[in-house]
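Colleague: I have the model open and would like to go through it with you. Could we start with the helices and then move on to strands and side-chain contacts?

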Amino acid sequence: VILISGSGSNLQAIIDAQESGSIPVRIRAVISNRPGVTGLARAEKHGIPFHVVEHTAYASREAFDAALMATIDRYQPALVVLAGFMRILTPGFAEHYRGHLLNIHPSLLPKYQGLHTHQRAIDNDDKEHGVSVHFVTAELDGGPVVAQRSVPVLAGDTAESLAARVLVEEHKLYPEVIGWFAEKRLTMRDNAAFLDGNKIELAKS
Ligand code: GAR
């Protein structure tokens, strides 16, 4: 089950990987916390069930997360994928899907948790920026990192031009990591990620 909030270009990359047979997954459903977003149209176009669970309809984060979990759990997914899902999840949500919940974040974690990552990389004169895929734990953008890809920050970059360069890498990296999980090569235990039984230790994380 894939959770989105917007354009869903990462969702599209996963759909494309599924349809080409390059990864052994079946997307059971797409859920958005915002109605009318492009990502939902992508799901519909590809015949994937989709739902809107609007956070604005709930009085608390806990109530929203409970509704979200109820919608997800109808599908009993092996993996829940956050693909541009822009809500902070409660610790209870993270715990419920522990080891079965991945997020993609547009920075080289642990740098730039939170928002405006591209602008922050530019403002700090970073020469390198990128994307991370990590298991989600109760700590915001803080769970064990599974994989990263970097891109150069070029003179004259804007947040938009840099975001576009990072997105190219996101669209390659996320389907690949999801494929590892589907092939049962990727696991989380003791707050660490393992690929083929080896602990993933990234130089950058
Ligand atoms: C992506 O860049 C993703 O890494 C980012 O939102 C964008 C969604 O694009 N996610 C976060 O910032 C999570 N904190 P998309 O809807 O086109 O996939």
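Predicted model: local features only at pLDDT ≥ 70, side-chain atom pairs only at ≥ 80, totals over all residues.

Colleague: Fine, so how many residues has helix α6, and how far does it reach from its first C-alpha to its last?

Modeller: Helix α6 covers residues 159-182, which is 24 residues, and it reaches 33 Å from the first C-alpha to the last, close to the 34 Å expected at 1.5 Å a residue.

Colleague: And where does α6 bend?

Modeller: The bend is at E170 and amounts to about 25°. After the helix comes K184, whose phi is positive, near 60°.

Colleague: Switching to strands: is β5 buried or exposed?

Modeller: Strand β5, residues 101-105, has five of its five residues buried, so it is largely enclosed by the rest of the structure.

Colleague: What joins β5 to β4, and which way do they run?

Modeller: Strand β4, residues 80-82, runs parallel to β5 and is joined to it by three bridges, with L82 standing opposite N103 of β5. Together with helix α4, which spans residues 91-96, β4 and β5 make a right-handed β-α-β unit.

Colleague: How many bridges join β5 to β6?

Modeller: Four bridges join β5 to strand β6, residues 128-135, and these two run antiparallel.

Colleague: On to charges: how many salt bridges does the structure hold?

Modeller: The structure holds seven salt bridges. One of them is between the side chains of D126 and K111, at 3.2 Å from N to O. D126 lies in the loop between α5 (117-123) and β6, and K111 lies in the loop between β5 and α5, so the pair ties together parts that are 15 residues apart in sequence.

Colleague: Is D126 buried or exposed?

Modeller: D126 counts as buried, with 11% relative accessibility, whereas K111 is partly exposed, with a relative accessible area of 42%.

Colleague: And which residue forms a salt bridge with R149?

Modeller: That is E176, and the closest N and O atoms of R149 and E176 are 3.3 Å apart. This pair links distant parts of the chain, with R149 in strand β7 (residues 145-152) and E176 in helix α6, 27 residues apart. R149 is partly exposed, with a relative accessible area of 29%, and E176 also counts as partly exposed, at 35% relative accessibility.

Colleague: What about R165; which side chain does it meet?

Modeller: R165 meets the side chain of D157 in a salt bridge of 2.7 Å, N to O. Here R165 is partly exposed at 22% relative accessible area, and D157 counts as buried at 12%.

Colleague: Which residues are linked in a network of salt bridges?

Modeller: E183, R185 and D196 are linked in such a network.

Colleague: Last topic, the rings: how many aromatic pairs are there?

Modeller: The count comes to two aromatic pairs. Y58 and F64 have ring centres 6.1 Å apart and planes at 50°, so that pair is tilted; Y58 counts as partly exposed at 33% relative accessibility, while F64 is buried at 3%. F93 and Y97 have ring centres 4.9 Å apart and planes at 55°, so this pair is tilted as well.

Colleague: Why does F93 count as buried?

Modeller: Buried means under 20% relative accessible area, and F93 counts as buried because its relative accessibility is 0%. Y97 counts as buried too, at 6%.

Note on methods:
Residues numbered from 1 in each chain as written. Heavy atoms only, no water. Buried < 20%, exposed > 50% of the residue type's maximum accessible area, 1.4 Å probe, protein only. Pairing = 2+ DSSP bridges. Right-handed = clockwise from strand over helix to strand, strands pointing away. Expected span 1.5 Å × (residues − 1). Bend = angle between axes of the 7 residues up to and from the residue. Salt bridge = Lys/Arg side-chain N within 4 Å of Asp/Glu carboxyl O. Phe/Tyr/Trp six-rings, centres within 6.5 Å; stacked < 30°, edge-to-face > 60°.
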